[in-house]
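Thanks for passing this one along. Here are my notes, as numbered points, to read beside the model.

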Amino acid sequence: MTLIERLRRHAAERDAAHSRRSRHVQSQRSGMLAECDGKSLINFSSNDYLGFAQHPDVIAAFQQAAARDGVGSAGSALVTGHFAVHRELELQAAALFGYEAALFTGSGYLANIGILQAVLDDKSVCVQDKFNHACLLDGARFSGADLKRYPHADMVQADARCAEAKTDTLFLVSDGVFSMDGDAADLEALHAIAERHRATLMIDDAHGVGVLGETGLGSLQAAGLRAADVPILVVPAGKALGGQGALILAQGDIIQHLLETARPYLFSTAPSPAMAAALSTALRLLETQPQHHARLQENIRHFRIRAEAAGLPMLDSQTAIQPLMAGDNERALQWSAQLRDAGFWVSAIRPPTVPQGKSRLRITLTALHTTQQIDALIKALAEITGDHDGHG
Ligand SMILES: *Cc1c(COP(=O)(O)O)cnc(C)c1O
């Protein structure tokens, strides 16, 4: 069988399983109004939780830095790609999150793979929640460490996996907020387990920063934990910070080790200086303009009240991620298509992103949604899911 024949056979299998994927072209956006494949839709699948991707100050910072420093960094950070704006962003992030040092990397995926490969080897054990983001699982696999996964949110099993590990290098790694279910990890329990077994606790807070905590600083703030309790914190910048890249926060010794040995950091072009400048502004907005976080919280609260009143089968999530369970792929796709006809952009999430039989609509709320848009979505969801029940 030729390569093409083999690929076509795989595609046919995905077809039969309703798991084909395609991209939609977004040609315009204004707030959460998007022109998608030529049709105007309200976007309820954006990760731009605070609206910073479109904030005028963030855009201005990006434009000014590009005018001053150019577009590409034109080098790895260790060669010629490390600009003053990168340095400033790292200092600012470390101060804001209360860490000694920070490292700005090209993406969250690369950050997690880079960290785990740089600190773990085949004598290490890495204990992880089964629902952790794919790049945390990949990072542990690529490192050669013994990857031990515990059932989602099962702290008894997490403790047992750590207890049975016989190694000097034990890592306990979790998402702060789980990206497909929207639930928060029990950070207090994870911290206690890490203490008990002398494990290094590493948290990826992609969906916690900007969302959880009194001032939106994320899962640690919400759980009352400090930097000393979570030695490695990863903040991907493509979600609430509205940009691209990731900030790794840790002690100076850890950051120094990563910047000298993490392969995706060494062998990849540094992110654009303009992106660093934009993210500096996003962090400043997070720190100084509480209205964005307050507005997001109000939208989450409003959505939850209305969804409950409408009897929608929502998962128990207090974050910007509000999944609506569909079960099989076909129904998730059908709901997504019906919403599209009604003017909403809500993506269907299917395996392998979620377990078999757990396909869903992943609804996300942002500070830019209006109350009217949320009410209209609830009405459409009630009609669509009600339809289904009617036909058994
Ligand atoms: C999105 C995400 C990542 C990947 O970050 P990118 O910057 O998009 O590569 C990592 N971890 C979690 C939990 C995420 O949701």
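1. Let me start with histidine 207: one of its polar side-chain atoms sits 2.6 Å from an oxygen atom of the ligand. That is a polar contact, meaning a pair of N or O atoms within 3.5 Å; within protein, one must be able to donate a hydrogen and the other to accept it, and residues adjacent in sequence count only if both atoms are side-chain atoms. Lysine 239 also reaches a ligand oxygen, with a side-chain N or O atom at 2.7 Å. Of the 380 Å² of accessible area that the ligand has on its own, the protein covers 82% (Shrake-Rupley method, 1.4 Å probe; for residues, only the protein chains shown count as cover).

2. A word on the basis of all this: it is a predicted model, where local features need pLDDT of at least 70, side-chain atom pairs count only at pLDDT 80 or more, and totals for chains, interfaces and linings use all residues. Residues are numbered from 1 along each chain as its sequence is written, and side-chain values use heavy atoms, with hydrogens and water left out.

3. A cavity is a set of points, on a 1 Å grid over the protein atoms alone, where a 1.4 Å probe fits but cannot get out; lining residues have an atom within 4 Å of a point. The largest cavity has a volume of about 130 Å³, taken as the space filled by probe spheres set on the points, which are joined across faces, edges and corners. Its lining has 18 residues, with Thr105, Gly106, Leu110, Pro264 and Tyr265 nearest the centre. By class, 13 are nonpolar, five polar and none charged.

4. The second largest cavity holds about 40 Å³ of space. Its lining includes His82, His86, Glu90 and Tyr265, and divides into five nonpolar, two polar and one charged.

5. Aspartate 37 deserves a look in the loop between S2 and S3. Its phi is positive, about 50°, although it is not a glycine. Its side chain meets that of arginine 340 in a salt bridge of 3.6 Å, N to O (a side-chain nitrogen of Lys or Arg within 4 Å of a carboxyl oxygen of Asp or Glu). The pair links distant parts of the chain, 303 residues apart, with arginine 340 in helix H13 (residues 329–341).

6. Finally, please check the cis peptide bond between proline 351 and proline 352, with omega about 10°. Proline 352 lies in the loop between strand S13 (348–349) and strand S14 (359–364).

Definitions and conventions. 1 Å grid on protein atoms, 1.4 Å probe; cavity = no way out; pocket = protein on both sides within 12 Å on 5 of 7 lines; lining within 4 Å. Nonpolar A, V, L, I, M, F, W, Y, C, P; charged D, E, K, R; others polar. Helix = DSSP H or I, 4+ residues; strand = E, 2+ residues; numbered from the N terminus.
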